[in-house]
Each structure stands twice: as C-alpha cells, then as structure tokens.
Amino acid sequence: MFSGLSAFPLTPTNENGIDEAAFVRLIERLVVANVDSIGALGSTGNYAYFTLAERLRVTQLAVQHAGNTPVIIGIGALRTRDVLDLAEGAQTAGASAVLLAPISYQRLSADEVFGLYETVTRNLSVPLCVYDNPNMTHFEFSDELHGRIAHLPNVCSIKIPGVTVDPVAAKARVERLRALIPSHVTIGISGDGFAATGLNAGCEVWYSVIGGLFPKAALAITRAAQAGDIQEVTRLSERLQPLWTFFRQYGGSLRVVASAAVLLGLVEQDCLPLPLKALEAADLQQLAELLDELELA
C-alpha cells in the first residue's frame with residue numbers, strides 16, 4: 001500500500017454540498033486504472049473545508065467504491081479530539097490507512113506535533129502516513145522529528161514535500177531521512193513536478209495529484225521508477241513540464257486539476273468549495289489546449 005502510485009482525487013462540491021456522483025466517478029476511474037492506493041481527503045481533496053460529517057461521508061463513499069484498492073483517508077484537523085473522531089470514522093468505514101498533517105491556526109512546536117502523533121497512533125488499528133506539507137500547514141518537520149515520529153506504533157510512511165531538482169542533493173536528502181527511520185517506514189514524494197527526482201532518489205511511493213485525474217500518465221512514471229529506469233522517469237516527467245509550469249502559474253495544482261476535471265466532463269464548473277474557484281474563460285481555454293498537446297484530454 002505504501003509503495004507505487006497513491007492517487008489523490010478531488011472531492012467535488014456543488015451548491016448542495018459534496019457532489020457524491022462526481023466523487024464516485026473519480027474513485028471508480030482510479031480503480032479501473034489499477035493505481036496502488038487512493039488518497040482521499042488530502043489537500044487535493046480539500047479536507048480542511050468540510051465538516052466532520054461530510055468527511056465521514058466522503059470516507060464511506062471512497063471505501064465503498066474502491067473495491068480492492070487500498071484507501072488512505074486524510075484525518076488532519078485543528079483539534080486533537082477531531083483528529084481522533086476522524087480516525088475512528090475512517091477505521092469504522094474500512095479505510096486501509098490514514099494520513100495525518102499537523103494543521104493549526106496557532107503555530108505548533110515540535111513537541112506539540114510529536115504529542116499529536118503520539119496520541120493518535122496510540123488509538124489506531126490501521127497504519128498511518130505522516131503528511132509533511134509546510135506550504136499548507138506552515139509547520140516544517142526536521143529530519144530528527146520525523147525520526148522520533150517514525151518509531152511510534154502504526155507509522156508506516158512519510159509523505160515529504162518536493163525535493164531539490166539536483167539529483168545528487170535529492171538522493172542525499174532521502175538518505176539522511178532514511179538513516180533516522182525504521183526500515184519498514186517508506187518515504188513518499190509529493191509535489192508532482194518534483195516526483196521524478198524524488199522517485200529517482202529512492203522514494204518508494206508517489207503521493208500524486210495528477211494521479212487522481214490522469215492515472216495513466218502518473219503510473220507510467222511510477223512503473224518506470226520501480227523498474228529502475230531513471231532516464232525514462234526523467235523523460236516522462238519532462239514531457240509534462242508545461243503542466244508543472246501551469247501549476248506554478250496558478251498558485252499550485254488544485255485549481256488546475258479541478259479545471260481539468262471540468263474540461264473532461266467529470267465534475268461541474270463550480271466544483272471547489274468557496275471561496276476557491278476553478279479557472280475561467282481564457283485561462284480555461286489555455287489549459288484545454290495544453291491538455292490536448294500533452295494528450296491528457
């Protein structure tokens with residue numbers, strides 16, 4: 001489960017709340033594509049914008065429609081009590097694992113973050129992936145803190161942010177972290193534009209945004225990495241460089257991927273929780289042309 005491609009789909013919304021039919025379509029596409037796992041309610045899944053009840057419903061839908069594909073559920077929340085409730089809901093629904101980011105309004109200390117993971121792992125019966133996403137949480141893990149947390153029970157993977165584009169430095173960064181964690185804990189790369197470098201540097205899993213919408217393209221990169229074909233991994237990623245540039249241009253992957261899902265007819269135009277908005281007009285047309293050029297449409 002904590003290797004290969006973990007695909008992170010959107011959680012589409014409409015004026016009535018969760019667009020359940022659209023969400024199920026996205027999940028079923030990933031099952032057909034044979035991704036290695038599905039990461040529901042990650043940052044691409046907009047977990048922070050939903051009530052606990054809505055998140056439980058999304059969890060239930062993901063598990064019900066994923067078939068034999070393992071489902072990893074994001075359980076990050078401001079209060080530890082809510083994280084524990086979400087963890088219990090995920091376990092009860094049949095999730096294969098949970099994903100936890102230390103989100104907060106007040107800046108957290110390293111001891112507070114360790115205490116969060118210590119409390120949660122003590123109450124888990126499924127594996128946990130540590131979600132290191134400083135752009136969203138404004139908390140930066142040290143390798144030493146990762147090492148402490150990785151020795152807690154049920155911790156099985158660490159999702160790190162994008163590594164440097166320098167392959168030598170990227171490999172050194174992964175090796176520094178690996179020296180501090182148990183052998184059963186995998187290291188996963190996120191930040192799709194950095195995925196190729198991370199996979200070539202030794203990361204065992206790609207926690208992927210485009211995998212949630214374009215699983216075929218993401219799987220090709222992942223399988224090449226698993227085969228040890230560094231040149232093919234690099235080639236396939238460089239082919240998608242215009243998409244990585246598009247992500248940066250529009251403040252990250254979320255709005256772009258949501259807009260791409262609109263263009264594919266998988267979700268409605270207003271598929272993001274307000275005040276977030278998908279691309280419109282000329283920007284949407286530019287994206288449509290890019291998807292055609294990259295043969296992703």
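Modeller: Let's start with a term: a salt bridge is a side-chain nitrogen of Lys or Arg within 4 Å of a carboxyl oxygen of Asp or Glu. Bear in mind that this is a predicted model.

Biologist: Okay, then what makes R148 and D111 a salt bridge?

Modeller: Their side chains come to 3.7 Å, N to O. The cut-off is within 4 Å, so the R148 and D111 pair counts as a salt bridge. The two residues sit in distant parts of the chain, 37 residues apart: R148 is in helix 6 (residues 143-150) and D111 in helix 4 (residues 110-122).

Biologist: Why is D111 called exposed?

Modeller: D111 has a relative accessible area of 58%, and exposed means over 50%, so D111 gets that label. R148 has 40% relative accessibility. That value falls between the 20% and 50% limits, so R148 is partly exposed.

Biologist: How many salt bridges does the structure hold?

Modeller: Nine. Another one of them joins D36 and R223, at 2.9 Å from N to O.

Biologist: How do you know that the D36 and R223 pair links distant parts of the chain?

Modeller: D36 and R223 are 187 residues apart. D36 is in the loop between helix 1 (20-33) and strand 4 (37-40), while R223 belongs to helix 9 (residues 215-226).

Biologist: And why is D36 called partly exposed?

Modeller: Its relative accessible area is 24%. Buried would need under 20%, and exposed over 50%, so D36 lands in between. R223, at 32%, is partly exposed too.

Biologist: What makes K171 and E175 a salt bridge?

Modeller: The closest N and O atoms of K171 and E175 are 3.4 Å apart, and within 4 Å is what's asked for, so this pair passes. Both residues lie in helix 7 (residues 167-178), four residues apart, about one turn of the helix.

Biologist: Switching to pockets: which helix gives the largest share of the lining of the second largest pocket?

Modeller: Helix 9, with five residues. Helix 10 (230-239) supplies at least two. The pocket has a volume of about 260 Å³, and 15 residues line it, with K216, A217, L294, E295 and L296 the closest to its centre.

Methods
Residues are numbered from 1 along each chain as its sequence is written. This is a predicted model: local features need pLDDT of at least 70, side-chain atom pairs count only at pLDDT 80 or more; totals for chains, interfaces and linings use all residues. Side-chain values use heavy atoms; hydrogens and water are left out. Buried means under 20% relative accessible area, exposed over 50%, partly exposed in between (1.4 Å probe, protein chains only). On a 1 Å grid over the protein atoms alone, a cavity is a set of points where a 1.4 Å probe fits but cannot get out, and a pocket is an open set with protein on both sides within 12 Å along at least five of seven lines; lining residues have an atom within 4 Å of a point. Grid points are joined across faces, edges and corners, and a volume is the space filled by probe spheres set on the points.
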